[in-house]
Amino acid sequence: MFETLKKLLFIPALLFYGILLAQDSSISINQPTPTFFKSRIYLAAAASAAGYGGGLLALSNAWYQHYPQSSFHFFDDYSDWLQVDKAGHIFGAYTAAKFSAEAWRWAGLSRKQRIWLGGLSGTAFMTVIEVLDGFSSGWGFSMADLGADIAGGGVYIAQELAWNEQRVQLKFSFHRNHYEEPALTQRANELFGNNTLERMLKDYNGQTYWASANLKSFLKNSRVPNWLNIAVGYGAEGMFGGTENIARDKNGIPIFNRSDIPRYRQWYLAPDIDLTRIKTKSKFLKTTFFLLSSFKFPTPSIGFSKKGIEWHWICF
């Protein structure tokens, strides 16, 4: 359940990519590569290596050294958290691929080079974390997570090769749940943390992952605004444990049992805004819009679950 928290260590590298892009967002990769692009390639490569290597070092020092290590082993967690964590893996690999490829575009690599390098590095970023998990006695190498990592990078590569653009972007949003029962609040605090940032990173009940499709990209001759998207979201509720709402002590005795609370999946349908398609001459705004494009814009939505159909005035 802490995989999202561990991935947070790679955010500085992604933000550095954003700073690179802000320097010159007007260069076309179709132009012949001038000599000074070589220095950009070296800079992008150095930034990737430093950011990723530093992230792994920080991850090892801050996370893995505090838990017992073991020989490499596998771990089946496919059924955990109603697969919301797997959606997070797809999103994480996709986002890393998108940022990486854009940095290589800035560096002047050809279209196919930056597509493949960006897409494969996005999957590689996530897969190395799985390898580290494989040597941790509390977890293990998850084939389901690996499949999600490959899918995330594949979504980016496939769209670029097919359309030369990301017509369907993967996005993230979060809402914090509040519980009336003190026992549920205590359990949530123990599992997910007490402050909002911890909850956003750990609480799968509050995370929603979106596939946001740009309408104009599919309806070229329509009068639909260039920035208007339609998004399908996936999340889940009622989860106070990975596979069941029961917690046991080291002797196997239940210390928390709320199996009466239903665990269920939720789907959403909502309009969205593609910030990257808003026209502006400002390099700062272009970069800001690109960085924010990984988050779903809050809008009204329709929710679908086994509870029925629900209307939400604002959906996060």
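Which residues are linked in a network of salt bridges? Glu165, Arg167, Lys220, Asp274 and Arg277 are. This is a predicted model, where local features need pLDDT of at least 70, side-chain atom pairs count only at pLDDT 80 or more, and totals for chains, interfaces and linings use all residues. Residues are numbered from 1 along each chain as its sequence is written, and side-chain values use heavy atoms, without hydrogens or water.

View 1. A salt bridge puts a side-chain nitrogen of Lys or Arg within 4 Å of a carboxyl oxygen of Asp or Glu. The whole structure holds 14. Helices (H or I, at least four residues) and strands (E, at least two) are DSSP runs, numbered from the N terminus.

**View 2. Glutamate 160 and arginine 114 form a salt bridge.** Their closest N and O atoms are 3.2 Å apart. The pair links helix H6 to helix H5 (residues 111-134), across 46 residues. Glutamate 160 is buried at 5% relative accessibility; arginine 114 is buried at 7%. Buried means under 20% relative accessible area, exposed over 50%, partly exposed in between (1.4 Å probe, protein chains only).

**View 3. Arginine 258 pairs with aspartate 260 in a salt bridge.** The N to O distance is 2.9 Å. Arginine 258 is buried at 17%, whereas aspartate 260 is exposed at 53%.

**View 4. Glycine 235 sits in strand E3 (residues 228-237).** Glycine 235 is buried, at 1%. Valine 84 is 151 residues away in sequence, yet 6.2 Å away in space, C-alpha to C-alpha.
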